Amino acid sequence: MPPTTEPDITRYSYDVVVIGAGGAGLRAAIAAREQGKRTAVISKSLFGKAHTVMAEGGAAAALGNANADDTWTVHFRDTIRGGKFLNDPRMAELHAREAPERILELEYWGALFDRTPDGRISQRNFGGHEYPRLAHVGDRTGLEMIRTLQQRIVALQQADAAETGDPDAMLRVFAETAVTELVTDASGAVAGAFGYRRADGGFVLFEAPAVVLATGGIGKAFRTTSNSWEYTGDGHALALRAGAGLINMEFVQFHPTGMVWPPSVKGILVTESVRGDGGVLRNSEGRRFMFDYVPDVFRAQYAESEEEADGWYTDPSGHRRPPELLPRDEVARAINSEVKAGRGSPHGGVFLDVSTRMPAEEIRRRLPSMHHQFKELADVDITAEPMEVGPTCHYVMGGVRVDADTAASDVPGLFAAGEVAGGMHGSNRLGGNSLSDLLVFGRRAGLGAAAYVDGLDARAPGEVLDEAASRAVSAALALLKQGDGENPYTLHGELQDTMNDLVGIIRREGEMERALSRLDEMVQRARLLSAPGERVYNPGWHLALALPNMLLVSRAITRAALERTESRGGHTRDDHPDMSPEWRRVNLEVRVGRDGDVELSRRPVADIPAGLLSGFGNDELAKYLTKEELPQEVAAEAAREPGGTAPASADAEPGAVGGEGPGEVPGEGPGTAAASTGTVDTAEEAGGTSERVASGRPGGPDGVEGADGTDGADDRNGTGDTDGSTEEDRS
Ligand SMILES: Cc1cc2nc3c(=O)[nH]c(=O)nc-3n(C[C@H](O)[C@H](O)[C@H](O)COP(=O)(O)OP(=O)(O)OC[C@H]3O[C@@H](n4cnc5c(N)ncnc54)[C@H](O)[C@@H]3O)c2cc1C
């Protein structure tokens with residue numbers, strides 16, 4: 001047993017502590033351990049049961065197995081389109097370039113992906129991806145990913161056991177352990193982390209100069225959500241309190257298809273693979289309404305008739321894609337509009353139908369978990385009748401602002417990867433891009449943390465940890481003693497209703513102001529929470545410890561959403577329905593001020609390198625970019641068109657934060673994105689490398705330079721199965 005500072009606190013010392021054992025955390029831990037660092041992985045849930053196991057459809061990577069035309073540059077372009085040009089371009093580039101290598105590595109470590117008839121990794125269609133791109137394992141891809149990474153960790157531990165006699169010597173997993181505080185030293189650098197064991201309530205203190213946050217998302221702040229119980233925004237809040245900035249918090253993804261009935265299962269995901277494999281959306285009049293909701297920027301790529309859309313499934317090169325496969329934000333808004341117009345299903349959703357699209361046997365084969373899920377939970381046989389579906393809170397695009405190459409935050413020693421990190425997905429994530437993000441940036445975070453530790457001269461003194469630990473212990477124990485305080489479940493319910501009703505899929509200024517004042521009041525009430533009972537597995541106490549995190553994150557979301565007076569991706573303002581090129585240049589950053597409240601500032605969005613910008617069409621660029629940013633000839637062409645250029649939007653006057661307009665973001669001069677040409681769209685055009693964005697980022701650690709992009713191989717068709725299962729099954 002390691003030494004303790006107080007009778008009740010068990011103390012450990014590591015080089016790198018990874019908080020979170022999902023895809024990002026496990027991949028980070030493997031990378032750090034492989035760099036020779038003593039590494040701890042801490043997880044609220046059991047080892048192997050992180051939220052990632054719920055992932056169904058697959059991991060996006062331009063392997064080119066299902067269509068030889070798929071390359072990393074096409075993947076990059078789809079990702080930027082999906083994120084409505086707000087993505088960190090360096091992250092999107094690294095992700096698209098490295099995802100194929102990470103998938104192949106996973107296969108090398110033992111992942112059993114579904115195969116094409118000739119034995120390569122099968123790839124399936126998903127919304128917003130131009131080609132079939134999702135490597136998958138039936139509809140249980142996340143489970144296979146976690147199983148494989150877990151197996152890799154055990155293999156490393158076995159090697160350590162053979163060498164030292166102790167499997168935990170270099171890499172140890174602390175399951176069912178929740179971190180409640182990050183500790184920083186006087187200089188503001190990371191010194192360690194404090195937490196408790198869920199099973200027995202014992203306290204733990206980790207001394208470590210580098211911490212990787214891989215804690216996932218925030219969905220449990222909303223009433224209707226597809227997310228697991230772990231998603232209480234802990235990592236987002238830990239980062240904020242440690243002094244890091246979060247970006248893009250206004251962008252919360254509402255997946256278009258969650259179950260809407262019965263109430264007990266409302267929000268559980270209905271995988272996008274249902275639509276990828278041929279499912280269609282209909283309203284109460286039986287109409288395939290998505291044809292009415294194709295935005296101008298996507299019109300060239302999506303079918304205009306049912307005949308054309310249906311032809312795409314068998315002949316994708318001769319037809320345009322069905323509009324049911326538009327990016328998620330578009331589909332979610334369309335469903336919302338249909339319901340609002342009175343054309344919804346009996347329980348407030350719309351109909352998703354596969355029963356008329358393929359034989360029952362094929363549905364059972366391709367969508368076994370969906371079939372099971374609806375039969376068991378809603379008594380609906382999807383081979384014979386449509387499902388009722390509606391939007392559900394699914395993913396947060398916002399998170400810790402990190403350096404793309406190293407995953408370092410601006411707090412020395414603090415790194416972040418996976419859903420808790422921001423920037424990669426811009427204003428809207430494409431399906432499948434999370435699982436590949438976890439692998440690409442999980443690895444980079446592990447390498448970044450290891451390189452940081454190598455560069456240190458000294459570690460923080462132990463007293464800073466002891467002091468922080470005793471404060472944290474007192475605060476945690478107080479919750480058990482405050483007998484007449486607020487019930488955490490009541491407060492959590494109110495928070496979920498507030499976020500769902502007032503900061504949900506469609507947002508309005510007045511409603512968000514109401515949400516903020518309710519949140520203010522809830523923050524006060526949360527100071528006197530009461531979770532009577534023992535420390536031994538006390539779920540009320542666990543919730544009471546997590547609630548302040550959800551409240552802080554909810555304030556961050558609401559403040560940023562109120563500030564952004566445009567609609568883009570996962571952020572839809574009823575009172576500002578247009579997308580503004582001026583706002584496209586702005587990331588809103590949230591920090592915690594001295595008074596503990598959230599503060600907003602603006603940061604420029606980095607420019608897309610010219611070589612990659614040239615992959616987009618002129619019309620498209622003219623819709624997203626400001627006049628100053630447009631390549632000269634595009635601007636001239638747009639100006640010649642009747643009505644002038646698209647960029648000037650009715651909303652192009654974002655309200656100022658501290659008097660700062662987007663064009664005046666420090667260090668940001670207009671017009672730096674200039675690309676030279678129009679619509680050339682291939683890897684060759686973009687070249688093997690793109691110029692780095694001039695943002696003063698440090699270079700990555702050795703061995704993490706961008707891998708060569710794949711450029712596709714033979715042409716084959718992807719096949720697909722699919723899934724879904726209950727939260728209980730999956731988490
Ligand atoms: C139903 C569903 C299906 C999905 N399908 C897909 C898909 O097909 N493809 C795709 O790309 N994406 C999919 N997603 C999204 C994707 O699954 C997630 O974005 C991704 O798994 C997040 O991984 P992560 O490693 O960031 O975090 P997670 O896998 O959530 O891991 C977070 C870890 O942090 C731990 N943790 C949290 N807080 C603390 C704390 N305070 N102390 C200690 N540990 C903590 C948790 O216990 C957990 O171990 C899906 C999401 C859902 C909900």
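**View 1. The shell around the ligand, by residue class.** The shell in this predicted model has 15 nonpolar, 24 polar and 5 charged residues. Ala, Val, Leu, Ile, Met, Phe, Trp, Tyr, Cys and Pro count as nonpolar, Asp, Glu, Lys and Arg as charged, and the others, Gly among them, as polar. Of the 44 residues around the ligand, Gly-20, Gly-22, His-51, Gly-216 and Gly-418 come nearest. A residue is near if its C-beta atom, placed from the backbone, lies within 6 Å of the molecule. H11 gives the largest share of the shell, 4 residues. Helices (H or I, at least four residues) and strands (E, at least two) are DSSP runs, numbered from the N terminus. Residues are numbered from 1 along each chain as its sequence is written. Local features need pLDDT of at least 70, side-chain atom pairs count only at pLDDT 80 or more, and totals for chains, interfaces and linings use all residues.

**View 2. An open antiparallel sheet of 4 strands.** The order is S17-S12-S19-S20. Strands pair if DSSP finds at least two bridges between them. Strand S17 (399-400) and strand S20 (598-604) each have a single partner strand, so one side of each is left without a neighbour in the sheet. Strand S19 (residues 586-592) pairs with S20 over 7 bridges. Asn-587 has Arg-603 in S20 as its bridge partner.

**View 3. Contacts of Leu-213.** Leu-213 touches, among others, Ile-19, Gly-20, Leu-238, Phe-415 and Val-420, not counting residues up to four places away in sequence. Contact means C-beta atoms, placed from the backbone, within 7 Å.

Conventions: Two residues are in contact if their C-beta atoms, placed from the backbone, lie within 7 Å.
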